[in-house]
Amino acid sequence: MPESTAVRAFLTDSHVALAARVTEYAAQELVPLPEPPDDAAARAQARELLGRLGQAGWFAPIGDLDLRAACLVREALAAASPLADVVFALQALGTVPILLAGDRALQSRWVPAALAGRAMASFALTEPEAGSDAAAIATTARRDGAGYILSGTKTFISNAGIADFYTVFASTDPAQGNKGISAFVVAADAPGLMFVRPLVLSAPHPLGEIAFQDCRVPASSRLGAEGAGFKLGLATLDRLRATVAAAACGMATRALHEAVAHATRRRQFGRTLGEFQLIQEKLARMATDLTAARLLTYRAAWEKDRGAERVTLEAAMAKAFATEAAQRIVDDAVQILGGRGVLASHPVDRLYRAVRALRIYEGTTEIQHLIVAGQLLKQAKGVR
Ligand code: CAA
């Protein structure tokens with residue numbers, strides 16, 4: 001379904017072949033899946049999707065740190081099943097910090113299992129008082145002999161309660177602010193780690209709250225140096241924000257496809273909807289915004305893949321533009337579909353509920369705009 005010629009210049013031949021394979025897989029295996037009717041069913045379907053996506057090899061781009069490939073996979077999954085896309089997103093968020101930190105023992109314990117779909121990952125950064133201001137986290141990791149004791153609460157955690165491991169950010173030295181934050185990998189069955197409650201969204205998405213009550217972890221579960229956790233978290237988000245943009249493009253592509261199909265079929269006042277100029281104007285804007293979003297997305301991913309140390313600016317632009325554009329495109333598709341578009345069973349209604357969170361998670365649009373402006377002002381002052 002994704003129209004790849006617009007971004008062909010950013011892709012290798014193997015990327016193009018991957019896009020075709022994953023798009024076909026998604027159409028055959030994911031499009032027919034029923035939408036889970038409630039949170040328990042969404043959690044069960046997410047676990048099932050984990051195994052299926054892992055077995056099919058779709059998590060490989062995470063292990064290869066091949067950002068364009070990860071974007072292509074998310075684009076295809078999100079177009080077919082937003083829940084499958086969430087499963088991919090969390091495997092990436094939980095696993096990339098382990099890959100970047102470079103500890104061989106932690107990598108061999110968790111990465112192969114995560115990529116094969118045998119271990120479900122999670123990324124535990126957000127707290128009740130630390131959302132956009134991620135450095136304000138209050139969860140502590142206190143040194144105690146050969147390990148640390150974690151205490152605190154994490155909320156809005158995707159895969160809470162169904163993950164096998166959590167990549168957790170906690171303060172080892174609160175006086176140092178963001179330079180006192182460290183990252184840890186914590187197994188879901190660690191004593192003192194508790195699933196507090198699910199948080200239920202309007203779109204299927206396993207989410208919830210977890211708490212650490214004197215949860216003891218060995219020092220060997222720390223990712224990188226003490227105090228290096230915040231930079232590791234931001235470096236992970238820098239890479240993966242382009243993939244959120246890609247997921248938005250996938251949802252927008254599906255919405256545009258549904259809208260065009262309807263506009264050519266549906267007749268009113270003796271003509272197809274597509275013959276009305278007001279509909280044509282909507283379709284033109286949807287297609288143009290989608291193409292611009294895809295160009296920004298694959299530009300960011302290509303910059304990273306070709307060795308840029310940071311793509312903070314490019315990723316923020318891509319995420320902000322693509323998620324905002326996707327929201328408008330999905331909304332326009334609902335409008336073109338009319339009554340059918342608000343039926344809960346219709347694909348565009350599913351997309352309408354699913355696309356909204358993308359403008360919020362992994363950094364809101366407002367935070368992305370602050371990042372873009374901050375980078376511009378730094379460049380103007382000659383600071384890198
Ligand atoms: N690589 C390496 N270092 C990096 C980096 C990168 N990509 N990005 C930033 N850094 C460094 C900076 O250079 C800086 O280092 P120095 O202090 O040595 O100069 C340090 O990290 C801190 O960076 P900032 O000064 O930019 O940090 P800040 O506190 O001003 O950050 C912020 C501000 C951009 C708003 C940041 O807090 C942020 O991105 N907030 C949004 C939080 C967010 O995205 N949360 C998502 C939660 S996870 C989620 O949503 C997943 C889910 O559920 C599905």
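Because the model is predicted, local features are reported at pLDDT of at least 70 and side-chain atom pairs at pLDDT 80 or more, whereas totals for chains, interfaces and linings use all residues. Residues are numbered from 1 along each chain as its sequence is written, and side-chain values use heavy atoms, with hydrogens and water left out.

The domain assignment divides the protein into domain 1 (5–115), domain 2 (121–227) and domain 3 (231–380); such bounds come from an automatic or database domain assignment. Between the C-alpha centres of domain 2 and domain 3 the distance is 30 Å. Across this pair, nine residues of domain 2 are in contact with eight residues of domain 3, contact meaning heavy atoms within 4.5 Å.

Empty space was examined next. Rolling a probe the size of a water molecule over the atoms shows where such space is left. Here the search ran on a 1 Å grid over the protein atoms alone: a cavity is a set of points where a 1.4 Å probe fits but cannot get out, a pocket is an open set with protein on both sides within 12 Å along at least five of seven lines, and lining residues have an atom within 4 Å of a point. Grid points are joined across faces, edges and corners, and a volume is the space filled by probe spheres set on the points.

Two cavities of 30 Å³ or more were found in the whole structure. The largest cavity has a volume of about 80 Å³, and its lining includes Pro61, Asp66, Val96 and Arg239. Helices H3 (60–63), H4 (67–80), H5 (82–101) and H7 (229–265) are the elements giving two or more residues to this lining; helices (H or I, at least four residues) and strands (E, at least two) are DSSP runs, numbered from the N terminus. By class, the lining of the largest cavity holds eight nonpolar, no polar and two charged residues (nonpolar: Ala, Val, Leu, Ile, Met, Phe, Trp, Tyr, Cys and Pro; charged: Asp, Glu, Lys and Arg; polar: the others, Gly among them).

The second largest cavity contains about 30 Å³ of space. Leu125, Phe169, Phe230 and Leu237 are among its lining residues, and H7 gives the most to this lining, with five residues. Six of the lining residues are nonpolar, two are polar and none is charged. Both domain 2 (121–227) and domain 3 (231–380) give residues to the lining, so this cavity lies between them.

Turning to open space, the second largest pocket has a volume of about 170 Å³. Of its 13 lining residues, Arg109, Val185, Ala187, Pro218 and Ser221 lie nearest the centre. Helix H6 (104–115), strand E5 (181–187) and strand E7 (207–218) each supply at least two lining residues, and H6 gives the most, with four. The lining has nine nonpolar, two polar and two charged residues, and draws at least three from each of domain 1 and domain 2.

Finally, the cysteines. With a disulfide taken as a pair of cysteine sulfur atoms within 2.5 Å, the count comes to zero disulfides. Cys71 is in no disulfide, and the nearest cysteine sulfur, that of Cys249, is 8.6 Å away. Cys71 is buried, with a relative accessible area of 0%, and Cys249 also counts as buried, at 1% (buried means under 20% relative accessible area, exposed over 50%, partly exposed in between, with a 1.4 Å probe and protein chains only).
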